[in-house]
Each structure stands twice: as C-alpha cells, then as structure tokens.
Amino acid sequence: MESTENQINKSVSNYKRGKLFFPNDFSQFGTSTSVRQALKRLEDKSFLIRLSHGIYLYPKKHKLLGVLYPTLDEIAIAIAKRDKARIIPTGNQALNKLGLSNQVPMNVVYLTDGAPRSIKVHDKYSIKFKKAAPKLLSAKNETIVLVIQALKELGIDKIDDVILKRITEVIKNIPVSDIKHDIKLAPVWI
C-alpha cells in the first residue's frame with residue numbers, strides 16, 4: 001500500500017503550481033493525523049510551503065523573484081470556498097480593489113457568513129473574518145458592495161469629486177436593477 005505522503009505528493013503534482021491546499025483536501029488518503037504528518041514531511045522537503053495553520057502552497061517559483069506567494073485576497077477566497085462561505089472585503093482592501101487607493105494592506109478584514117476568526121499568514125500578515133449581517137450578504141452585485149465598503153472606510157468627509165468620478169466609472173456597467181436593490185443595503189448617507 002502506498003504511503004499517505006506519496007499519495008498526497010502525486011495528488012498535488014496534478015495541479016498547477018501556485019495552488020492552495022488544506023488538510024481536508026487529502027482526507028481520502030488517511031487519518032487526519034497521518035495527513036498532517038505527511039504534509040509536515042512534504043513541507044520539510046520544500047515540496048509544499050505552510051502559509052498558516054492548515055494552509056499549504058504548492059509553490060510557484062520565478063527565476064529572479066523566487067517563490068511567488070498568493071495575495072491575501074487569494075488566500076481568503078480559497079478559505080471561503082472551502083468553508084462554503086461568502087466574504088466581502090472591507091476598508092483599505094475595498095479601496096484598493098476599486099482603484100481608489102494604491103495601498104496594499106498587510107492586514108485585511110472580510111465580512112462573512114462563515115465562522116469569524118483571524119488567521120496569521122507568514123507571521124506578518126493577517127486575514128480577519130468578521131460576522132456580517134445577513135442583509136449585507138444578500139447583495140446582488142459584488143462591485144456595489146465594494147463601493148459601499150470603500151465609502152464607509154473613507155467616511156462622508158473624505159468623499160470628493162475624484163472619488164465620485166471613479167465610483168461612477170466603476171458602476172456604469174452595472175444593471176440599474178442591481179444598483180436599486182443593493183443601495184438599500186448601504187447606510188443612509190451613502
């Protein structure tokens with residue numbers, strides 16, 4: 001019978017480099033203890049990189065840059081997909097995604113209908129999942145939710161013509177019915 005480590009190695013090798021894995025992706029290969037031990041051995045051999053507790057990367061390497069790590073957003077999306085949860089970026093992450101800020105936050109916060117928790121990545125970054133009101137997660141359009149979160153982060157005093165112009169560009173291709181539905185989820189001042 002083939003070892004758990006070899007089975008995981010073969011399974012991971014079927015994917016493109018840069019893919020994220022969780023221990024439960026390999027539950028068919030053995031007990032949770034044997035899977036964790038096999039992942040530790042594959043990490044020791046630099047076949048996988050442990051990004052955080054229970055999150056592993058099949059590393060993609062660049063000649064000059066070395067290992068190409070996923071963004072915090074990519075990690076958060078993978079966690080949400082695994083947990084079958086919805087997430088909404090908040091604060092600086094929302095501003096960055098909309099092109100309203102060049103800052104790439106080192107600590108990101110997502111609203112979720114999944115389990116609230118904080119995850120440390122590489123010991124210097126963090127992803128925080130905060131419980132969201134179900135109402136907010138009922139939005140029809142992801143971009144409108146980003147706009148709402150970005151405006152909340154800025155506050156009413158910091159919204160100028162440049163920001164309004166950018167938001168107008170961002171929402172111009174969104175169906176009016178989606179805008180009418182989702183704007184009801186925003187604070188009154190927005």
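Visitor: Which side chain of opposite charge is nearest to Asp178, and how far away is it?

Guide: A word first on the source: this is a predicted model. As to the general idea, side chains of opposite charge can pair when their charged atoms come close. In this case the nearest such side chain is Lys140, at 4.7 Å. A salt bridge requires a nitrogen-to-oxygen distance within 4 Å, and Asp178 has none, although Asp178 is buried.

Visitor: Where does Asp178 lie, and what does Asp178 contact beyond its neighbours in sequence?

Guide: Asp178 belongs to helix α7, residues 176-183. Leaving aside neighbours within four places in sequence, Asp178 is in contact with Lys140 and Asn141.

Visitor: Is Ile179 buried, partly exposed or exposed?

Guide: Ile179, also in helix α7, has a relative accessible area of 23% and is therefore partly exposed, since buried means under 20%. Its contacts, not counting residues up to four places away in sequence, are Ile144, Ile171 and Ile174. Ile179 and Lys140 are 39 residues apart in sequence, and their C-alpha atoms are 8.3 Å apart in space.

Visitor: How many salt bridges does the whole structure hold, and what joins Asp44 to Lys40?

Guide: A search of the whole structure finds nine. One of them joins the side chains of Asp44 and Lys40, with an N to O distance of 2.9 Å.

Visitor: Why can residues three or four places apart in a helix point the same way?

Guide: An α-helix has 3.6 residues a turn, so residues at that spacing point the same way. Asp44 and Lys40 illustrate the point: both lie in helix α2, four residues apart, about one turn of the helix. Asp44 is exposed at 53% relative accessible area, whereas Lys40 is partly exposed at 43%. A second case is found in helix α6 (residues 161-171), where Arg166 and Glu169 are three residues apart, about one turn. Their side chains meet in a salt bridge of 3.4 Å, N to O. Both partners are partly exposed, Arg166 at 30% and Glu169 at 38%.

Visitor: Which parts of the chain does the pair of Arg86 and Asp113 link?

Guide: The side chains of Arg86 and Asp113 meet at 2.9 Å, N to O. This pair links distant parts of the chain, 27 residues apart: Arg86 is in the loop between α3 (72-83) and β6 (87-89), and Asp113 is in the loop between β7 (107-112) and β8 (117-121). Arg86 is partly exposed at 42% relative accessibility, as is Asp113 at 30%.

Visitor: Which residues form a network of salt bridges?

Guide: Glu5, Arg41 and Lys45 are linked in such a network.

Visitor: Which residues of helix α1 are buried, and where on the helix do they fall?

Guide: The buried residues of α1 (residues 4-13) are Thr4, Glu5, Gln7, Ile8, Ser11 and Val12. They fall within an arc of 165°, so they line one face of the helix. Their cover includes β1 (20-21) and α2 (32-44).

Visitor: How many helices and strands does the chain have, and what share of its residues is buried?

Guide: The chain has seven helices and nine strands. Of its 190 residues, 41% count as buried. Among contacts with a separation of 6 or more, 57% come from residues 24 or more positions apart.

How values were computed:
Residues are numbered from 1 along each chain as its sequence is written. This is a predicted model: local features need pLDDT of at least 70, side-chain atom pairs count only at pLDDT 80 or more; totals for chains, interfaces and linings use all residues. Side-chain values use heavy atoms; hydrogens and water are left out. Helices (H or I, at least four residues) and strands (E, at least two) are DSSP runs, numbered from the N terminus. Buried means under 20% relative accessible area, exposed over 50%, partly exposed in between (1.4 Å probe, protein chains only). Contact means heavy atoms within 4.5 Å. The arc is that of the directions from the helix axis to the C-beta atoms. Lys and Arg count as positive and Asp and Glu as negative; His and the chain ends are not counted.
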